[in-house]
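Below are some notes for your review of this model.

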Amino acid sequence: KYYPAWQGNIYERIATSIVPQLFPDKAMTPDYDQLLNKRPGKKDAVFAWHQDMAYWPQTPDTATVTFSLAIDETTAENGCLRYVPGSGVSKALRPHKPLGSSRDEAHAIQASVGPDEEVRLAPVKRGSMTIHDEYVVHGSG
């Protein structure tokens, strides 16, 4: 359940207004929220390369969009989002492996990014957001 004081907040309203611009032929609704609070520079707070689709159940229509709100400014130094440009275009799911011995032990998974693939950083100012779909390969430092 949502924390009641956060229901209908400005971030949620802005994200909801952007979705029809990205998916004009779909009736999409907010489905999942989470707060990721990680300390900058902590090696165990890194989010490995992955595609969100690797976490979601396979359904006939997998269209999703992820909005990430920066509570604080994110930079290369404090572990901003990084992504592989064009990685979501083919709508293909890369192989992922659990970061622990199994998904039961460690929910987190990891996809491989080749040394020849371009990586871009997505630093954002406090209060700004990033948007990506379920097939974009991304992570954070």
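1. Start with D133. Not counting residues up to four places away in sequence, D133 touches T64, V65, G88 and K91. D133 sits in strand β7, which covers residues 129-133. The model is a predicted one, and the values quoted in this note should be read with that in mind.

2. Is D133 buried or exposed? Its relative accessibility is 16%, so D133 counts as buried, the cut-off for that class being under 20%. Two polar partners are worth checking. The side chain of D133 makes a polar contact with the side chain of K91 at 2.3 Å. A polar atom of the D133 side chain also lies 2.9 Å from the backbone nitrogen of Y135.

3. V65, one of the residues touched by D133, also belongs to the largest nonpolar core. That core has five residues, namely A15, V19, F23, V65 and F67. Helix α1 and strand β2 (65-69) each supply at least two residues of it.

4. Which residues does F23 contact once its neighbours within four places in sequence are left aside? They are M28, A63, T64 and V65.

5. S68 is found in strand β2. With a relative accessible area of 29%, S68 is partly exposed. Leaving aside neighbours within four places in sequence, S68 is in contact with Y11, S128, M129 and T130. T29 is 39 residues from S68 along the chain, and the two C-alpha atoms are separated by 16 Å.

6. On charged pairs: side chains of opposite charge can pair when their charged atoms come close. The structure holds five salt bridges. One of them joins D61 and K26, with the closest N and O atoms 2.8 Å apart. D61 lies in the loop between β1 and β2 and K26 in the loop between α1 and β1, so this pair ties together parts that are 35 residues apart in sequence. D61 is partly exposed, at a relative accessible area of 45%, and K26 counts as partly exposed at 35%.

7. Another salt bridge joins the side chains of E117 and R94, at 2.5 Å from N to O. E117 is in the loop between β5 (109-111) and β6 (120-122), and R94 is in the loop between β3 (81-83) and β4 (96-98), so the pair links parts 23 residues apart in sequence. E117 has a relative accessible area of 23% and is partly exposed; R94 counts as partly exposed at 23% as well.

8. E118 forms a salt bridge with R120, the closest N and O atoms being 2.8 Å apart. E118 counts as partly exposed at 44% relative accessibility, and R120 is partly exposed with a relative accessible area of 39%.

9. The last point concerns the surface. Which residues form a nonpolar patch there? They are Y3, W6, L35, L69 and I71, with about 570 Å² of accessible area together. L35 is placed in the loop between α1 (10-22) and β1 (47-50). Its relative accessibility is 58%, so L35 counts as exposed, the threshold for that class being over 50%.

Technical notes
Residues are numbered from 1 along each chain as its sequence is written. This is a predicted model: local features need pLDDT of at least 70, side-chain atom pairs count only at pLDDT 80 or more; totals for chains, interfaces and linings use all residues. Side-chain values use heavy atoms; hydrogens and water are left out. Patches are made of residues with over 30% relative accessible area and no salt bridge: like charges are joined within 9 Å, nonpolar side chains (Val, Leu, Ile, Met, Phe, Trp, Tyr) within 5 Å. Accessible areas come from the Shrake-Rupley method with a 1.4 Å probe; for residues, only the protein chains shown count as cover. A salt bridge is a side-chain nitrogen of Lys or Arg within 4 Å of a carboxyl oxygen of Asp or Glu. Helices (H or I, at least four residues) and strands (E, at least two) are DSSP runs, numbered from the N terminus. Buried means under 20% relative accessible area, exposed over 50%, partly exposed in between (1.4 Å probe, protein chains only). A nonpolar core is a set of buried Ala, Val, Leu, Ile, Met, Phe, Trp, Tyr and Cys residues joined through side-chain atoms within 4.5 Å. Contact means heavy atoms within 4.5 Å. A polar contact is a pair of N or O atoms within 3.5 Å; within protein, one must be able to donate a hydrogen and the other to accept it, and residues adjacent in sequence count only if both atoms are side-chain atoms.
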